[in-house]
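Colleague: Please take me through this model feature by feature, with the criterion behind each reading.

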Amino acid sequence: MIIAAIEAGGTKFVLGVYRTGGDGLPALLSKTFIPTTSPEETLAASADYLEAMARTYGKPEALGIGSFGPVDLKPSSPGWGHITATPKPGWQNTDLAGYFRRRLALPVAFDTDVNAAAYGEYLWGRAKGLQDFIYITVGTGVGGGLFSGGKLVHGLSHPELGHIKPKRFEDDPFPGVCPFHGDCLEGLASGPAIAGRWGAKAEDLPPEHPAWDLEARILARAFATYALVASPELILLGGGVGLRPGLAEKVSLLVGQELAGYIPAMASPGRLEGFVARPSLGGEAGLAGSAALALRLCTE
Ligand code: ADP
Ligand code: ZN
């Protein structure tokens, strides 16, 4: 079976066509990038590519889209499948799912980029078979997908794990960069927050720089809150900042300190090791996750 996938990001759209078969990750037949400019340009170029791929590989059974947000995910809402109140100029109220459904005449599955990535890790990655876990990306922004009781959580719209306010550390007076909240998690721990606080790009800060110790402490505080609220078995940490070697391990240990032994199931020796881990699909999690959403649509 052929399925199509779009990871719709604020900087670029990543598009892929997969052939499924067996239980493992489907085979990626083709992949491309399209810069995120205006919705008209980006959506048309994306649909052109998918049409060309359909001529080469056959028509896909479904398209999965994992999108930057905020998005409307209420099935009963007339705005379902739209990007809603994004600060990204020109993209407010863009009907992503509807555009592709009309142009390509395909069933379309639609969710947040991080929920898609979580679902991909559940089907094919490190969270395979887990009923309760979180996928969080720390990059240009901070976002999280929450998988609870064997299902992606949507709720009123979708969880916004990046915008909680962890208690501040006294040695960090940085005001934060979130345009909505200042010093929420995204405001304190995203790539732009690190750059704003230390005056250098996150990727240019060496491993021994104090930035990384503070980053781990801030993330651990937020993750301890997630552990208390959602009781996940695992937190997968992705994104340009999150994938820094050693960061997940550091955060795991600090989550234990934050919880101070309060969750007995997490206090047993060695349990915290690997509580925060790198997603096994790595940078492919978003696109593969979007394919996973499409596959679910075909099989459920
Ligand atoms: P996006 O969030 O835009 O999808 P990324 O997850 O790659 O993309 O995140 C980009 C952010 O990650 C930028 O703020 C960048 O400075 C930071 N970043 C990229 N590579 C690294 C790295 N090796 N170490 C630390 N930070 C990085
Ligand atoms: Zn915020």
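**Helices, zinc site and ligand shell**

Modeller: The expected span is 1.5 Å times one less than the number of residues; helices (H or I, at least four residues) and strands (E, at least two) are DSSP runs numbered from the N terminus. The model is predicted, so local features need pLDDT of at least 70 and side-chain atom pairs pLDDT 80 or more, whereas totals for chains, interfaces and linings use all residues. Residues are numbered from 1 along each chain as its sequence is written, chains are lettered from A and ligands numbered from 1 in written order, and side-chain values use heavy atoms, without hydrogens or water.

Colleague: How many residues of α6 are buried?

Modeller: Buried means under 20% relative accessible area, exposed over 50%, and partly exposed in between (1.4 Å probe, protein chains only). In α6, 15 of the 21 residues are buried, so the helix is mostly covered. Just after α6, Ser231 adopts a positive phi of about 50°.

Colleague: What span does helix α3 reach?

Modeller: Helix α3 (residues 113-124) reaches 16 Å from its first C-alpha to its last, close to the expected 16 Å for twelve residues. Ten of the twelve residues of α3 are buried, among them Tyr119, Glu121 and Trp124. Helix α10 (residues 285-299) should span 21 Å with its 15 residues, and its end C-alpha atoms are 20 Å apart, which agrees. Eleven of the 15 residues of α10 are buried, including Leu287, Leu293 and Leu295.

Colleague: Which residues are the protein donors of the zinc ion (ligand 2)?

Modeller: Donors are N, O and S atoms within 2.8 Å of the metal (3.2 Å for Na, K and Ca); water is not among the atoms, so sites may look incomplete. Here His163 (ND1), Cys178 (SG), His181 (ND1) and Cys184 (SG) lie 2.0 to 2.4 Å from the zinc ion. Their sequence spacing is H-x14-C-x2-H-x2-C. Both His163 and Cys184 lie in the loop between β10 (151-152) and α4 (185-189), so the pair ties together parts that are 21 residues apart in sequence. His163 is partly exposed at 22% relative accessibility, whereas Cys184 is buried at 0%.

Colleague: Why is the arrangement around the zinc ion (ligand 2) tetrahedral?

Modeller: Four donors count as tetrahedral if all angles lie between 85 and 135 degrees. The four donor atoms here subtend angles of 103 to 121°, which makes the arrangement tetrahedral. Ideal tetrahedral angles are 109.5 degrees.

Colleague: Which residues are around ligand 1?

Modeller: A residue belongs to that shell if one of its heavy atoms lies within 4 Å of the ligand. Among them are Thr140, Glu203, Trp212, Gly240 and Arg244. Helix α7 (239-242) and helix α5 (191-198) each supply at least two shell residues, and α7 gives the most, with three.

Colleague: What lies 2.6 Å from an oxygen atom of ligand 1?

Modeller: A polar side-chain atom of Thr140 does, and it meets the limit for a polar contact, a pair of N or O atoms within 3.5 Å. An N or O atom in the side chain of Glu203 is 2.5 Å from a ligand oxygen, and a polar backbone atom of Gly240 is 2.8 Å from one. The protein covers 60% of the 570 Å² of accessible area that ligand 1 has on its own (Shrake-Rupley method, 1.4 Å probe).

Key:
Four donors count as tetrahedral if all angles lie between 85 and 135 degrees; four count as square planar and six as octahedral if opposite donors are over 155 degrees apart and all others between 65 and 115; anything else is irregular. A polar contact is a pair of N or O atoms within 3.5 Å; within protein, one must be able to donate a hydrogen and the other to accept it, and residues adjacent in sequence count only if both atoms are side-chain atoms.
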